[in-house]
Amino acid sequence: PVSTFVLNTFACEDDPVSGISYIKTLPYLRCDHFNYGEKLIPLLLFTCTPVVMIIAGIVFVEFYPTSYFANTVLEVFFAPFRSRSRYFALWLVLRKLAIACIVALVPAGTLYRDMFIVAIFLFTGVFVLIRKPYISEHTNYVDVVAQSGLVICYVDGLLIDENSPLDRRVVAAIIFIVTVTVVIAFIALSIAYPVYLVFYKNEWHDQVQRNIMLKDLLTKSRLWKVHGVHPIVAET
């Protein structure tokens, strides 16, 4: 919200009658109400600084993975993610910034604005499903369903908006049907596959993840015992 408000100050529109340029979302303020310093300082503090901090934290962990600072302070930001997927934390920040830019700068009621926002949510869901950046397997699945839920809520808002143009509502209906179908199939598969493992193959419901973790643990133990490589270094 803060980034959206800051970016809104850059979106100006001319009054066709008076010719005065005013802020589109704040029509009672002229565009020259804020000077460039008053616009750029909040932009740097609230929009650019979080991105720079995340990048700096990732770079620091890459070069000093066993440092006390990396395993205490930075652990708060990167703890939910796998070691090689900590870049996903940067994408989460960039995603919020991208949505703020789209909401603030792209004209409302346009089809490509809707497509941009839906594409961001869908890309996040597909990336999580393929790469599985979270350590917990259940967190990955919940995040995929959450991203799909955001898409459904967004397009549902377009469908119930009577003032929405026909082309936007048609595209929203198609996205809604496809997303709901995929989510139902995904949830059904997530329930059926563990049942198949437990009752048919007589294995743990998360046997695949157990095998992967055990193999990873044995590899790190062997590297530490034979070559003296610290387990944290082995992850990087």
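The structure is a predicted model, in which local features need pLDDT of at least 70, side-chain atom pairs count only at pLDDT 80 or more, and totals for chains, interfaces and linings use all residues. Residues are numbered from 1 along each chain as its sequence is written, and side-chain values use heavy atoms, with hydrogens and water left out. The chain contains nine helices and two strands. Helices (H or I, at least four residues) and strands (E, at least two) are DSSP runs, numbered from the N terminus.

**Overall fold and surface**

- Read from the N terminus, the order of elements is α-β-β-α-α-α-α-α-α-α-α.
- The chain has 236 residues, of which 30% count as buried; buried means under 20% relative accessible area, exposed over 50%, and partly exposed in between (1.4 Å probe, protein chains only).
- Of the contacts between residues at least 6 apart in sequence, 52% join residues at least 24 apart; a contact means heavy atoms within 4.5 Å.
- The accessible surface amounts to about 15,300 Å², and 71% of this surface belongs to carbon and sulfur atoms. Accessible areas come from the Shrake-Rupley method with a 1.4 Å probe, and for residues only the protein chains shown count as cover.

**Confidence of the prediction**

- The average pLDDT of the chain is 76, and 82% of the residues score at least 70; pLDDT is the predictor's confidence in each residue, from 0 to 100.
- Among the elements, α5 has the highest mean pLDDT (86), while helix α9 (residues 231-235) has the lowest (52).

**The cavity**

- A search of the whole structure finds one cavity of 30 Å³ or more. On a 1 Å grid over the protein atoms alone, a cavity is a set of points where a 1.4 Å probe fits but cannot get out, and lining residues have an atom within 4 Å of a point.
- The largest cavity holds about 40 Å³ of space; grid points are joined across faces, edges and corners, and a volume is the space filled by probe spheres set on the points.
- Two or more lining residues come from each of α5 (111-131), α6 (137-160) and α7 (166-199), and α7 gives the largest share, four residues.
- The lining includes Asp114, Tyr154, Arg168 and Ile175.
- By class, the lining has eight nonpolar, no polar and two charged residues. Ala, Val, Leu, Ile, Met, Phe, Trp, Tyr, Cys and Pro count as nonpolar, Asp, Glu, Lys and Arg as charged, and the others, Gly among them, as polar.

**Residues in the helices**

- Ile175 lies in helix α7 and counts as buried because its relative accessibility is 15%.
- Beyond its neighbours within four places in sequence, Ile175 is in contact with Met115, Val118, Val151 and Val155.
- Ile175 and Val118 are 57 residues apart in sequence, and their C-alpha atoms are 8.8 Å apart in space.
- Ser148 belongs to helix α6 and is buried, with a relative accessible area of 14%.
- Leaving aside neighbours within four places in sequence, Ser148 is in contact with Thr179 and Val183.

**Residues in the loops**

- Lys132 is in the loop between α5 and α6, and its phi is near 50°, a positive value in a residue other than glycine.
- Lys132 counts as partly exposed, at 23% relative accessibility.
- Asp15 is in the loop between β1 (12-14) and β2 (21-23); its relative accessible area of 27% makes it partly exposed.
- Not counting residues up to four places away in sequence, Asp15 touches Ile20 and Tyr22.
- Asp15 and Pro27 are twelve residues apart along the chain, with 9.5 Å between their C-alpha atoms.

Methods
1 Å grid on protein atoms, 1.4 Å probe; cavity = no way out; pocket = protein on both sides within 12 Å on 5 of 7 lines; lining within 4 Å.
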